[in-house]
Amino acid sequence: MELFYIIYYPNCVQPGLFLFLDSCVDIIGGYAVTPHSRPYMALVKGKDYCGGALIKENWVLTAAHCRIDRRSTVVLGAHSLSKKEKEKQIFKIARPISFPCFNNQTKENDIMLLQLQQRAKINKAVKTIKLPNTDTDPKPGTKCQVAGWGIIKNRDRKPSDILREVNITIIDRKTCNDQNHYNYQPMITMNMVCAGDKNGGKDSCVGDSGGPLICNGELKGITSFGMPNKCGVVQGPGVYARLTKIHLLWIKKTIGGDL
């Protein structure tokens, strides 16, 4: 049985709250990072692969649609999926806590916290990333980065063996919602950030869900979704759950009692 802990928010849309999306998201058109140069990156191994960000010694921030069960684990300090690395730290998950307003149909609020059973040992290969001090909305044209172990081609069935990263650019919501892009299916809201490349070819893809969106050195979002089987296309830039003031307050309140 999968257990989820819910804080009730009266204004949330409850139907479909903890259903899961059909696919996660990976890196298209990116590059391999220097091993262990992104020490905040977490690999979430559940019913599928997802990414995440270590925000406290025993808390990881990821996407709510990532499928977690009692056998799921979190790996910190990883670069390769297959190789034994002395830097790796593996943890069982004590509690997965989805943001109460997560809605699978609208894809709103695709954010989840994972409490680890033990605290990570902080070192050169494993470090936390700070939550942003403000919820400033990244402006169109802002340069950002997203990393993960996802597939590197649309038809691939296996994830990348090594951590990869891609440079992407914030795209105006009006553009992402027009008939040449998502056409409001779903609607890209103020709780989301749209990012990619004007010429396509640079994107997150299957397996990258939950990974952090970094803009100007700050954590601004969580990899959420894209067009199914069409990673890197101009019409379907990647969409990221934006860390708004409400989300940041919820995160701090949730992890604050575990200092």
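This report walks through salt bridges in a predicted model.

## Ground rules

Residues are numbered from 1 along each chain as its sequence is written, and side-chain values use heavy atoms, leaving out hydrogens and water. Because the model is predicted, local features need pLDDT of at least 70 and side-chain atom pairs count only at pLDDT 80 or more, while totals for chains, interfaces and linings use all residues.

The structure holds 7 salt bridges (a side-chain nitrogen of Lys or Arg within 4 Å of a carboxyl oxygen of Asp or Glu). One of them joins the side chains of Glu165 and Arg38, at 2.8 Å from N to O. Glu165 belongs to strand 9 (residues 164-171) and Arg38 to the loop between strand 1 (31-32) and strand 2 (41-45), so the pair ties together parts 127 residues apart in sequence. Helices (H or I, at least four residues) and strands (E, at least two) are DSSP runs, numbered from the N terminus.

Glu165 is buried, at 5% relative accessible area, whereas Arg38 is partly exposed at 22%. Here, buried means under 20% relative accessible area, exposed over 50%, and partly exposed in between (1.4 Å probe, protein chains only).

Asp137 and Arg173 form a salt bridge, with their closest N and O atoms 2.8 Å apart. Asp137 sits in the loop between strand 7 (112-116) and strand 8 (143-148) and Arg173 in helix 1 (residues 173-177), so this pair links parts 36 residues apart in sequence. Asp137 is partly exposed at 24%; Arg173 is buried at 16%. Together with Arg242, these two residues are linked in a network of salt bridges.
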